[in-house]
Amino acid sequence: MKNYFYLFFILCSISLSAQIKSPEEFLGYPIGSKFTYHHQVVSYSRYLASQSNGLAQWQVYGQTSEGREQGQMLIANLPTGVTLEQVQQNHQKRIQGEKVDLSLPVIINLSFNVHGNEAAGSEAALNTLYALISKPNKSIPYVILIDPCINPDGRDAYVTQYNRRNYISSGNPDPNDQEHYEGITSGRYNHFSFDLNRDWVWQTQKETQQRLKFYRSWMPMMHADFHEQSFQHSYYFPPAAKPYLNFIAQSTKDLQESVGSSFSKLFDEKKWPYFTSEVYDLLYPGYGDTYPVLNGALGMTLEQGGIRGGLISAKSDGDTISLVDRVKHHSALALNLVEWSLANAESLKTSFYGVHDKSRTNPANKFAYYFVERHGANTTEFLRILDMNDIKYTDTLQIKKAVSAFDYSQQKQVTLAPNLKYGYVIPAKQPSAPLIQALLDPAIVLEDSLTYDITAWNLFQLNGLKAFGINENVFGPEEKVYGFAARDENIPSQFTVAYNFLPSNLKQSEQFITYAFQKGALVSYLDLSKENMIKRKGEITVVTSNLTNSEKDELVSKAKELGLRLYPISSFRNYPTDLGSPHFKPIFIPKIAVVVDPANDVNQQGELAYFLTQKYGLKPSFIPSTQLFKSNLFNYTHIIYPDGKHAALSNTNSILLTDWVKKGGKLILMEGARKILDDKDLVAKEDTARHTSTYAMRERAELSNTTSGNLLQVEVEKTHPLAFRINDSSMYILNQVSDFVKLPKDFTAVLKTSAKPNIMGFVGANKKAQLANSLLLGVKEMDKGKIIWFGFNPLFRAIPNQGQTIFENCFLYTEF
Ligand SMILES: [Zn+2]
């Protein structure tokens with residue numbers, strides 16, 4: 001009898017797995033023997049779901065910029081009658097502190113290949129999916145979400161390039177062979193050369209926006225991000241390195257230790273080398289480990305040695321590493337992690353809900369409330385980030401009684417008078433409290449300064465928002481105040497000669513200006529800056545005296561359609577300057593060329609593409625540097641050189657470019673692009689510090705020479721058109737400058753540091769000495785044209801900041 005049962009079980013398990021094809025059977029080659037394209041990953045995932053008897057489903061959550069499908073496999077073992085929707089709803093209710101009847105399953109999430117060129121990821125995902133679906137563990141209820149490829153465009157870019165460069169089908173182990181080099185379009189990034197593993201919290205990229213919507217609908221209790229590091233390294237897994245954000249829950253740290261021991265045991269048994277607690281930290285909230293941690297989950301980064309490894313590569317220690325081995329390690333760890341998560345389901349749930357309970361009732365935030373004054377365009381991006389991250393706030397409140405508050409702009413405690421401030425209140429007590437703390441608390445406290453990313457990103461300071469940290473609930477509904485000298489917005493069109501508007505969104509403004517030109521209107525701006533006109537500084541004037549009344553009406557409805565607020569003017573006699581004054585400078589539609597060169601910083605080239613095309617709706621040309629001087633430069637109003645390791649232009653090209661500038665061209669040079677000028681104007685300060693350090697301290701000594709990424713206070717030349725729409729006389733920039741530039745003779749300093757600038761976040765001691773009196777944005781006038789030099793990157797990762805307003809001004813106020 002016993003034997004019959006035994007035979008029966010064997011037959012069952014054979015028939016189950018015999019029904020489902022392995023990745024090798026489905027694709028026709030052993031996994032790791034070549035790279036699998038994304039469409040094949042999707043086909044196999046769909047196939048597995050179709051064969052899973054209802055255990056698994058493939059959910060499409062988006063599409064990449066290049067049109068590839070983004071999906072996740074949901075593998076769910078739920079009690080009979082319980083649906084995925086019920087689980088989702090009850091889980092979300094429980095996060096909000098509501099009682100739920102249902103006992104909730106553990107929810108875990110594995111993500112692969114966020115960096116497309118860390119290509120063992122998706123291959124390992126295929127093995128993992130096959131194992132979890134063909135031989136399911138049904139011991140406890142669970143939902144497992146698996147994203148086989150976060151960055152399909154990047155992955156296919158890598159795979160395509162590898163295949164084109166490789167002439168030996170099994171791979172050439174010589175690490176110098178061309179197949180181990182990708183060229184400038186690195187598959188690490190997405191279509192716009194953004195690093196998707198720096199974008200979780202900002203959600204600027206389409207791929208992230210779609211994925212985070214899916215993520216937040218599930219709010220996993222564990223998230224594992226599978227990466228690869230240099231092929232010369234072994235394997236990294238948790239516990240993570242310091243610095244941690246200092247408010248990460250003890251239960252999360254304990255789980256990190258526990259899962260780390262499980263991995264150690266596995267790797268020790270298999271005799272695979274590894275390391276822990278070095279390099280990969282938990283600080284920056286844009287990572288696939290820190291972000292889940294800030295949302296109550298156990299987040300982790302896993303790193304196989306594999307970047308530039310191709311199919312096989314010889315290592316400098318005499319060993320070789322193959323794709324087969326890389327995939328084997330990732331797959332084994334992924335299955336170990338799932339097993340550990342099911343075995344520790346109760347601890348995962350307790351920790352996750354515990355963090356959320358504490359966040360709602362007793363958060364560790366510095367303030368109970370964050371109060372932000374309304375501030376036009378700068379508030380829009382700020383609120384977008386709150387919305388995307390489910391951070392709740394209340395609109396239209398005002399401070400009802402005198403209260404002591406921390407003033408973010410003055411960096412000190414002040415007393416606020418009642419009924420003078422209007423805006424938004426973000427209470428700390430909510431499930432997103434840790435995220436609020438990471439984004440809005442005044443200074444992130446570092447446990448240690450060794451981090452490989454930026455160390456400050458306070459959104460109030462970056463956006464010049466007037467914000468206050470307050471510990472008392474002194475807010476009440478806003479009472480509307482009437483009787484201000486409002487501008488008349490209702491002059492009938494037959495009496496108007498012009499309209500004014502203040503650009504807030506460049507895309508809308510450019511669309512409106514284009515439309516106004518088509519109608520025959522003249523568009524200009526006032527270059528005079530008067531103190532009492534501060535709110536109108538940068539307004540654009542559309543003179544409509546050539547237009548019929550019905551054309552004016554069409555213009556007004558176009559503005560309405562675009563969401564622009566128009567102020568009609570009924571006379572050329574105008575305050576503060578009459579409309580016919582030469583101080584009204586004409587505006588034209590920019591025609592932009594961005595120079596493409598192997599020396600360019602690829603991220604910045606991508607940021608320029610993203611801003612100009614996606615955010616501004618313009619149609620710039622990206623011109624190879626070898627082609628630029630064969631073309632007619634006068635086809636372009638603006639030429640932009642991205643940051644990079646540039647050399648000086650040849651004499652001939654320099655003459656051509658200078659001639660174009662003198663005749664009215666606007667040359668925009670980003671950071672290192674200043675080197676194309678053979679100019680003594682923009683000169684970097686010399687590093688005169690003496691470098692002495694012990695061998696043991698050398699990594700730390702290296703840091704003395706870095707700026708890492710911090711917030712630096714700069715002074716604003718407020719009368720300059722490039723500084724229009726910036727209200728304060730100082731602002732913060734996201735500073736990663738490696739060479740500080742002396743204040744030059746021939747450049748007007750629009751942004752510069754004072755003799756003693758404020759700085760937040762980490763800055764190396766040697767760099768700190770060079771901060772004072774440096775140029776960060778300068779303009780050199782040359783006859784009719786200008787050279788505009790940005791000494792910092794206002795577009796960095798598209799993190800919202802006031803530098804972006806200045807960058808937009810380069811295209812709005814074209815004739816300054
Ligand atoms: Zn990576």
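According to its unreviewed UniProt entry, residues 43-207 of this chain carry the annotation "domain: Peptidase M14". Welcome to the structure, which is a predicted model.

**The chain as a whole**

- Counting secondary structure elements gives 22 helices and 34 strands.
- The C-alpha trace spans about 105 × 65 × 60 Å along its principal axes.
- The radius of gyration is 29 Å, which agrees with the value near 28 Å for a compact globule, because that is what the 816 residues would lead one to expect.
- Of the 816 residues in the chain, 46% are buried.
- When contacts between residues at least 6 apart in sequence are considered, 79% of them join residues at least 24 apart.

**Domains and how two of them meet**

- The domain assignment places domain 1 at 36-359, domain 2 at 365-477 and domain 3 at 493-586, while domain 4 is given as 592-683 + 697-812.
- Taken over C-alpha atoms, the centres of domain 1 and domain 4 lie 37 Å from each other.
- Domain 1 gives 10 residues to the contact with domain 4, and domain 4 gives 10 residues in return.
- On the side of domain 1 that touches domain 4, there are 5 nonpolar, 3 polar and 2 charged residues.

**The nonpolar core**

- As background, nonpolar side chains in soluble globular proteins tend to be buried together.
- Here the largest nonpolar core has 202 residues, and the members that touch the most others are Leu129, Ile144, Met221, Phe371 and Leu669.
- Leaving out residues up to four places away in sequence, methionine 221 touches Val106, Ile107 and Ile108, along with Ala297, Leu298, Leu348, Lys349 and Phe352.

**A buried strand residue: tyrosine 370**

- Tyrosine 370 sits in strand E12, which covers residues 369-373.
- This tyrosine counts as buried because it has 25 C-beta neighbours inside 10 Å, where 20 or more is the cut-off.
- Beyond its neighbours within four places in sequence, tyrosine 370 is in contact with Ile426, Leu440, Ala467 and Gly469.
- Tyrosine 370 and phenylalanine 247 are 123 residues apart along the chain, and their C-alpha atoms are separated by 18 Å.

**Two partly exposed loop residues**

- Glutamate 478 belongs to the loop between strand E18 (475-477) and strand E19 (498-501).
- With 15 C-beta neighbours inside 10 Å, glutamate 478 is classed as partly exposed.
- Not counting residues up to four places away in sequence, glutamate 478 touches Thr396, Leu397, Gln398 and Tyr422.
- From C-alpha to C-alpha, glutamate 478 is 9.3 Å from lysine 421, although the two are 57 residues apart in sequence.
- Phenylalanine 572 is in the loop between strand E22 (567-569) and strand E23 (584-586).
- Phenylalanine 572 is also partly exposed, having 13 other C-beta atoms within 10 Å.
- Its contacts, again without residues up to four places away in sequence, are Val497, Asp578, Leu579 and Gly580.

**Backbone features to look for**

- Most residues other than glycine have a negative phi, and most peptide bonds are trans.
- Proline 238 and proline 239 are joined by a cis peptide bond, with omega about 5°.
- Proline 239 can be found in the loop between strand E6 (235-236) and strand E7 (241-244).
- Arginine 725 is not a glycine, yet its phi is positive, at about 75°.
- The loop that holds arginine 725 runs between strand E28 (710-716) and strand E29 (730-735).
- Arginine 725 is buried, with 23 other C-beta atoms within 10 Å.
- Alanine 798 is another residue other than glycine with a positive phi, here near 60°.
- Look for alanine 798 in the loop between strand E34 (785-790) and helix H22 (803-812).
- Alanine 798 counts as buried because 22 C-beta neighbours lie inside 10 Å.

Technical notes:
Residues are numbered from 1 along each chain as its sequence is written. This is a predicted model: local features need pLDDT of at least 70, side-chain atom pairs count only at pLDDT 80 or more; totals for chains, interfaces and linings use all residues. A nonpolar core is a set of buried Ala, Val, Leu, Ile, Met, Phe, Trp, Tyr and Cys residues joined through C-beta atoms within 7 Å. A residue is buried if 20 or more other C-beta atoms lie within 10 Å of its own, exposed if 12 or fewer, and partly exposed in between; C-beta atoms are placed from the backbone. Two residues are in contact if their C-beta atoms, placed from the backbone, lie within 7 Å. UniProt positions are given in the numbering used here, feature names are shortened, and annotations may be inferred rather than shown by experiment. Domain bounds come from an automatic or database domain assignment. Ala, Val, Leu, Ile, Met, Phe, Trp, Tyr, Cys and Pro count as nonpolar, Asp, Glu, Lys and Arg as charged, and the others, Gly among them, as polar. Helices (H or I, at least four residues) and strands (E, at least two) are DSSP runs, numbered from the N terminus. The radius of gyration is taken over C-alpha atoms; the globule rule is 2.2 Å times the number of residues to the power 0.38.
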